[in-house]
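Please inspect the sequence and the structure before reading each solution.

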Amino acid sequence: MAGPQLSLRVATLLTGLLECIAFSGLIFGWTSLVFVLKSDHYFEDLSPALSDITQDSKLSLIFTLASFSNNFMTFPLGYIFDRLGTTVARLIAISCDLCLFFPGTAPMLFAAFPMLAVGGILFLLTNLQVGNLFDKHRSTIITLYNGAFDSSSAIFLIIKLLYERGLTLQISFFILCAFSIWHLIRTFFLMPRGHIPFPLPPNYSYGRAERSQGTEDEEVKKEKVELRQEANGPSLAVQQEMAKTDESDPRSFRCCVLSWRFFWHLIWLSSMQLWHYLFIGTLNPMLNHLADGKQHLVSTYTNAFAITQLFGVLCAPWNGFLLDRLKKKYQQEARKKESMADLHSTFPSLVVTSLLCLSFSICASIPILKLQYFTFILQVISRSFLYGGNAAFITLAFPSQHFGKIYGTVMMLSALISLLQFPIFIFIKGTLQGDPTYVSNIPVTTPPSPYMRRPGPWGRG
C-alpha cells in the first residue's frame, strides 16, 4: 500500500472514530440530560390533559421514542445507504442533527430526539464500512466504531457539567449543530460517494474516485451489462435461471432474512437490548429511589454512569480482537473456507457477551446504591460487546452486499421489542411504587449457533 493511500485510510479511520465518539450515540446519555431537563422544569406548563402523567413518565416516553427510532429507522436508512451511497446517507444524517436548533419547548423534545437518534445511527452505519479498508483488522475496527457509538453518550455529561456552571441547554445544542461543518468536510473530502467494497479489488485505490487501478469501476461494468441486456434481452433459459436464483440463492437478501441464523440472532439481540434500554430509561428514578431522593447523590451517580460510558470505545475492540484472532486460528487449523472460519469464530464472542449481560442484570437487581458503580462498569462492557458483536456477526455471517439492509432489518425488528420498555416503566411507577430493581433480572437468552442450518418455515440458514 502506497504512503499517500495509507495516510488517507488512517485519516478516514481516525476522523470517523472522532465523529462517532462525539455525535453518533448521544441519546444514550439520556440519564445525564434528564437531570438537566428536570432542573429546567420541563413539562411543568403542559396542558391539563397530561396532568395525570408524571414527569418521569413523559421523559421516559421521549427516550422510548428516541431509542425506538434509533433501531426501527435503521432498515430504511440501510436501504438508502445500500441504494444511494454514502454521500446521500450522510447528508440525511446532517439534516437530522440540525433538529437540535429547535427543542426550546417541552413538546419539541418528542420530535427532536428521535431525529437525533436517526442521524446518529446513519453516522455509525456509514463509518462501519471503513473496516473494509483494513482486512486483517476488520472486526476490530467495526467493534471499535460501535464502542465509539457507546462512548458518545458521555457528551450529555459534558452538557450537564456546563449547565451546572451556567451554560444554558439551548446554547449547548447550538454548539452541537455548528459541528455540522465537520460532518460536511468528512462527507465531501474523505468518505466515498458510493461504498467501500469487501473484499477489496486488487490494487484498490481509496479516494473519492473509488476505482481499482488498472480495472474498470464495478459500477461502470454493471451499467454496461445492464445496457447490453436492455438492448438484446435475456434468453428464456436465462430468465428462468434468474427467477430460480432469486428464490433459492442462499446469498439473496430474502433467503438471509428468512434463515434460522437470522431469526435466532434477532431474538438474542432483542432480549438483551430491551434490558439495556430499560436500565438507561429508568436509571434516574432508580437512583432517586436508592438515594432516598437526595439530589447530590443522584447527581454524583449520574456523573459516574456517564463517565463509565466513555470507556465503551476501549471495551468494544476486545470483542473484535477476539473475532479476528479466532478467525485466523480456525483458518489455519481447519483449512476451511473463510466464511466457515468466520462463523466458527463468532460463537465464543456471542457466549462471552451473553455472560457479561447476565452478570450486569444480576448486579443491577441488587438494591444497594454503592454496588451500582460495579453495575455501571458491567453495563458499558456488556453493551459494547453486544452492539460491536452484532455488527461484526452480520458482516461475517451474511453477504456484504446486503449489510445495510440486514443490519437495518435486525435493528428495526428489535425496535418493536424495545417498545415494551414504556409499559414496563408504567408498571414500575404504579404497581412496584417506583422500584425498578424487581424487573432488573430479565432472562438473557443463550446465543444461537451461528452456523445453524436447521430447515424450517423460515428457510435454510
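**Exercise 1.** Which residues does Q379 touch, not counting residues up to four places away in sequence?

*Solution.* The model is a predicted one, in which local features need pLDDT of at least 70 and side-chain atom pairs count only at pLDDT 80 or more, while totals for chains, interfaces and linings use all residues. Residues are numbered from 1 along each chain as its sequence is written, and side-chain values use heavy atoms, with hydrogens and water left out.

Step 1. Locate the residue: Q379 belongs to helix α18, residues 372-397. Helices (H or I, at least four residues) and strands (E, at least two) are DSSP runs, numbered from the N terminus.

Step 2. List the partners. With contact meaning heavy atoms within 4.5 Å, Q379 touches H276, F279, I280, F305, Q309 and F360, when residues up to four places away in sequence are not counted.

Step 3. The side chains of Q379 and H276 are joined by a polar contact of 3.5 Å. A polar contact is a pair of N or O atoms within 3.5 Å; within protein, one must be able to donate a hydrogen and the other to accept it, and residues adjacent in sequence count only if both atoms are side-chain atoms.

**Exercise 2.** Explain why Q379 counts as buried.

*Solution.* Buried means under 20% relative accessible area, exposed over 50%, and partly exposed in between (1.4 Å probe, protein chains only). Q379 counts as buried because its relative accessibility is 0%.

**Exercise 3.** Determine how many salt bridges the structure holds, and describe examples.

*Solution.* Step 1. Apply the criterion: a salt bridge is a side-chain nitrogen of Lys or Arg within 4 Å of a carboxyl oxygen of Asp or Glu. The structure holds five salt bridges.

Step 1. Consider R90 and E19, which form a salt bridge with their closest N and O atoms 2.7 Å apart. This pair links distant parts of the chain, since R90 is in helix α5 (residues 86-97) and E19 in helix α1 (residues 3-24), 71 residues apart. Both R90 and E19 are buried.

Step 2. Consider K405 and D82, whose side chains meet in a salt bridge at 3.4 Å, N to O. Here too distant parts of the chain are linked: K405 lies in helix α19 (residues 403-418) and D82 in helix α4 (residues 74-84), 323 residues apart. K405 counts as buried because its relative accessibility is 15%.

Step 3. Consider R383 and D150, whose side chains form a salt bridge of 2.6 Å, N to O. R383 is in helix α18 and D150 in helix α7 (residues 138-151), so that distant parts of the chain, 233 residues apart, are linked. R383 is buried, with a relative accessible area of 1%, and D150 is buried, with a relative accessible area of 0%.

Step 4. Look for shared partners: salt bridges join E19, R90 and R186 into one network.

**Exercise 4.** Leaving aside neighbours within four places in sequence, which residues is D150 in contact with?

*Solution.* With those neighbours set aside, D150 is in contact with Q309, G312, R383, S384 and Y387.

**Exercise 5.** Describe the protein as a whole and its largest nonpolar core.

*Solution.* Step 1. The protein has 20 helices and two strands. Of its 461 residues, 54% are buried.

Step 1. Among contacts in the protein with a separation of 6 or more, 80% are between residues 24 or more positions apart.

Step 2. A nonpolar core is a set of buried Ala, Val, Leu, Ile, Met, Phe, Trp, Tyr and Cys residues joined through side-chain atoms within 4.5 Å. The largest such core has 102 residues, and those with the most contacts inside it are W30, F113, Y145, F173, F279 and Y407. Helix α14 (residues 260-290) supplies the largest share of this core, 14 residues.
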